[in-house]
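Hello,

Here is the structure for your files. My notes follow below it.

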Amino acid sequence: MTLYLDTETTGLRPPHDDLVEVALIDARGERLIDEVCRPAERWMRRGWPEAQAIHGIAPEYVADARPADAVRADVADLVGGEDLVIYNARFDLGFFGSQLPIASAHCAMLAAERFFAWYKWPKLIEAAGWIGYDWDAAGIPPHRAAGDALAARAVWQHMCARGWPGGPHVAGPGA
């Protein structure tokens with residue numbers, strides 16, 4: 001089965017930065033994980049104002065959440081042996097190290113770049129717009145993990161329905 005992963009983080013530098021939200025969606029769009037998580041203590045002390053300005057997740061919102069490492073472990077348990085699709089896969093996978101026992105990982109962003117053939121590194125909100133994805137109907141705004149995972153799923157399924165052969169492969173078994 002194909003699963004779709006998205007994260008929201010304290011910044012743009014895995015593994016220096018940490019997770020604050022994770023979503024894992026199945027091929028039907030069911031949320032297997034949709035959870036905020038508490039990043040490492042150093043982040044709780046200093047905050048992440050630049051990232052917070054994008055996703056809106058503040059330190060006080062995650063203060064009582066489960067630790068990011070516990071959510072990572074849950075993701076690893078659920079993705080064992082499955083195919084994983086991630087928009088900007090190298091970024092998100094960087095927050096998991098080698099903890100994800102996946103069959104393969106595909107980058108929906110690089111696939112969209114090749115599929116649409118005219119735009120380098122398209123943002124998810126742009127690729128979703130090109131296929132007519134309705135963020136309001138999904139009920140979750142962009143830059144939240146579940147909303148972005150659902151949009152990535154829609155983009156991926158749109159491309160596959162039009163003959164896209166599966167997109168760029170970014171990781172192999174045990175990655």
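**Aromatic residues and a buried arginine**

Trp130 sits in helix H7 (residues 124-130); helices are DSSP runs of H or I, at least four residues long, numbered from the N terminus, as strands are (E, at least two). This is a predicted model: local features need pLDDT of at least 70, side-chain atom pairs count only at pLDDT 80 or more, and totals for chains, interfaces and linings use all residues. Residues are numbered from 1 along each chain as its sequence is written, and side-chain values use heavy atoms, leaving out hydrogens and water.

Trp130 counts as partly exposed, because its relative accessibility is 30% (buried is under 20%, exposed over 50%, partly exposed in between; 1.4 Å probe, protein chains only). Ring pairs also link Trp130 with Phe115 and Phe116 into a cluster.

Rings of Phe, Tyr and Trp (its six-membered ring) pair if their centres lie within 6.5 Å; planes under 30 degrees apart are stacked, over 60 edge-to-face, the rest tilted. The count is four aromatic pairs. One of them, Phe91 and Phe95, is edge-to-face, at 5.0 Å centre to centre and 75° between the planes. Phe91 is buried at 17% relative accessible area. Phe95 is buried at 3%. Tyr133 and Trp135 have ring centres 5.1 Å apart and planes at 90°, so this pair is edge-to-face. Both are buried.

Now the arginine. Arg153 lies in helix H9 (residues 145-161). Arg153 is buried but has no salt bridge (side-chain nitrogen of Lys or Arg within 4 Å of a carboxyl oxygen of Asp or Glu). The nearest side chain of opposite charge is Asp26, 5.9 Å away.

Best wishes

Conventions. Lys, Arg positive; Asp, Glu negative; His and termini not counted.
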